[in-house]
Amino acid sequence: MKKIITLIALFVVVISSAQTQFEQGMTKAFGLWKEGKNSEASAMFERIASAEKTSYLPNYYVALVNTTAAFSEKDKTKIDLLLTKAQDALDVEFIKDQNNAELYAMQALIYTAWVVADPMTNGMKYSAKVMEAYAKGKAIDPNNPRIVFGEADYQIGGAKWSGVDTKPLCAQVDKAIELFATFKPETPFSPKWGLERALETQKNCKK
Amino acid sequence: MKTKLLFTITFLLLTSFIFAQNVISGKVVDQKGKPVPGANIYLDGTYDGATSSETGDFSFETTTTGNQTIIVSFLLFETFKTEIDVTNYKNQTVKLRENVNALDAVVITAGTLESGDKARVSVLKPLDIVTTAGSAGNIIAALQTLPGTQTVGEDGRLFVRGGEASETQTFVDGLRVAQPYGATTNNLPTRSRFSPFLFSGIAFSTGGYSAEYGEALSSVLLLSTQDEPDQNKTDIALMTVGLGVGNTQKWKKSSFSINTNYINLAPYQAAIPQNVDWNNPYQSLGGEAVYRYHFERGIFKFYAAFDSEKFDLNQKNVNFVNPIRTDLNNNNFYLNASYKGDFGTGWQLTSGISYGYSKNKTKYDINDIDSNENAAQLKLKLRKNISNYFKLSFGADYFITKYNENFDDNIAIKVANGYDSNIAAFYTEGDILFSKKLAMKVGLRLSNNNLLDETNLAPRASIAYKVSKTSQFSFAYGDFSQTPVVDYIKYSKYHQFESEKARHYILNYQFTKPGQTFRAEAYYKDYSNLVQYNTKDIAYNSVFNNNGSGYAKGLDLFWRDSNLYKNLEYWISYSYIDSERQYKNFPTMATPNFIANHSLSIVTKYFITDWKSQVGFTNSYSSGRPYNDPNQTQFMNGKTKSYNSLSFNWAYLLTTQKILYFSVSNVLGTQNVFGYDYAKVPDASGVYNRQAVVPTADRFFFVGFFWTISQNKNENQLKNL
């Protein structure tokens, strides 16, 4: 009997250590990212992705780390490499699940980074794709704050070229901020970013 | 109890023994042995791994045992994967192979000018076709600002490196377009039938092209249609020359686009003084439809276009007192269905069928000339990626052309001429990458033409070597053959023609940096087997032979820059050519009348953010062209004055979806002369009179309003202009 208990205990330990391994790994990767070690963080997320095939999060963060890095990169060759890496990671998750609104928000962000990198070349090509990705995400989850905000923010960004009325877009930003307040991430590691940038855009809206 | 406890402890010890940490360590280097920092090293399916340090070293512990797969990945290199024994993997050196798909790998550039997203080295951006001043949405006009082309204002078609316009073939999605240009008559320039916004990529080869393409002596123009439209939308265009409506519908796996246009040049012809006398303005009614369906591993495209054109005019002719009337009606239909997809491991299949039908009804003075052409192509191409370093492709083509022409002078002569031609061709080509710096392409094309009763074998080869991060050299060689143009082979029943031949040698240097491109290309072209005849005009009773020959040699320079000044883009093209031929009815070797020794184009585009406007200027210059003056003893002795045209355009974004567009060509009103037509017989005093060949009007102006209705408010028709 005790042997069985011991075995069960060991079994439980193994399982729980597997769970904490994910948490530990993710926590460590987030730590690296916070320290500004983008490539190490991306590598860590990539390793977690290779072990945890059932969670979309590690690949999602590979995409997010590299895309945000691309926004602050000036060297066009590097931007290309970063965004290709991001897209490859995201594509892995899109094959598994086409009904995750966060993946579409991420996709829109990658396209946005292409536009920002070279508006003259990529503007026409990717603008529609950005909007399409947001539209698909919205169809799945109309109250995802990152989608509501991202969609409005992208159009506000283009407004100085296009002369579009920003008032209704700013109203969307306000709505997104409310959604951020009530948004509950599914797990501690699920995406929850975006509020700070939304507040900044709101400030500019009021100017 | 005690034993049980002991057992548990032993068991635990054993487990912890199993969980014992193995150290994995080593160094990551590139092919030259230089350390690679930042590589991600890990055991597949575990958390165990590390990132290589500045010195390329890595070390990590793992609790796994036995055989595991170690993965070393880094973007610029091919991912390294191998099975290892974790207890025994220490201080190993991992040599990463360069990823030849990475951006900075060498690309063969000799002869090819590319545009579009897939092009690594793009000389033109997709938008350029429509935002280049003077192009007026004509793909051909935009290409004429590139080096290696000649501006032949009275013709409008593409003349490449001393070649006739017919020496350039147009392909849409790999399939030939038999009738790529609109209908026209003597000295009235034509334009491309294709609307530029359908295409996402353009590759324009000025020589030395792949064995996949045949029946072109000088050049191929490869257009690829979009795989996927952006979104559901409706486009409306109101122009001084007509109107257009388009609609696109997009579904999950497929999409459908349709466009219709009505063009009427009456308002323009009324507003701007014309050098010809129009009885009926140029009018056309056309439409095109594209359907695309995405399969899991491939895409099917169906493209169909129809247009009907007509005009009626009186042209002065030096041989007659009164102007000669030309009344023309043309109906054209083009269909293209293609499938492109992957199968198996590393196989790619491209197959398709194209069909073109053109019917011309021309009344020239009192003569009736009716012609019709049916042209089809079947194509199958397979490509196998044997490795990242070697790709092999092979395929077959079958071309069918039927042409009929009926001539009736409404007095005595009534003749029918025509031909049926079938060409079967096979080709194979290998792409070899020796390293990221050295690439080679070798191909062979075998074709059989039943009309000419001949078989041709054409070798092609090109090689590229990258000397530094920013510059590279390429060299291309190729043999090319083409059936003589319809003007000759419609008389096939009277004479057995042979293919005309050309051989190209091209040396190319290219320098690229983000925002900057410089190319220099020197070439030599050797023509042989050109058709000659012994009469003033080509006729059924001319004596033909295939003994003509010629050459073209020259230098093309291209510079494009967007770094000089914010929001400014410009490019400069310069071409020098020296070319002579003895063909047609030339008595000696001479430079044909479409060749200008020097050509220079300067294109600028400037976006003014405050005005929400893009303004552009294009200046085209070419030195004088030769012409033959029968009053002089030497053949082709005359030379026209040089040609210059400055064009301007202005696109203003009213809102993102509404654009006002204005363009005018030849702003300075330069009186250009393309050449001279001389009378066939001298007048009473023994002098051959002449008449200058001039543009139909000195200026072309255009005002248009373009409106896009869609969900996405950022989309507009700027690209359609």
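In chain B, 60% of the contacts between residues at least 6 apart in sequence join residues at least 24 apart, a contact being two residues whose C-beta atoms, placed from the backbone, lie within 7 Å. The model is predicted, so that local features need pLDDT of at least 70 and side-chain atom pairs count only at pLDDT 80 or more, while totals for chains, interfaces and linings use all residues. Residues are numbered from 1 along each chain as its sequence is written, and chains are lettered from A in the order in which they are written.

Of the 721 residues in chain B, 39% are buried, that is, with 20 or more other C-beta atoms within 10 Å of their own. The C-alpha trace of chain B spans about 135 × 60 × 45 Å along its principal axes.

In chain A, the axes of helices α4 (residues 76–96) and α5 (residues 101–117) come within 11 Å and cross at roughly 165 degrees. Helices are DSSP runs (H or I) of at least four residues, numbered from the N terminus, and axes are lines fitted to C-alpha atoms over the stretch in contact, with angles from 0 to 180 degrees between N-to-C directions. α4(A) and α5(A) are therefore roughly antiparallel, the term for angles over 145 degrees. Residues making the contact include L83(A) and L90(A) of α4(A) and I110(A) and W114(A) of α5(A).

Technical notes. Helices (H or I, at least four residues) and strands (E, at least two) are DSSP runs, numbered from the N terminus. Angles under 35 degrees count as roughly parallel, over 145 as roughly antiparallel, 65 to 115 as roughly perpendicular and the rest as oblique. A residue is buried if 20 or more other C-beta atoms lie within 10 Å of its own, exposed if 12 or fewer, and partly exposed in between; C-beta atoms are placed from the backbone.
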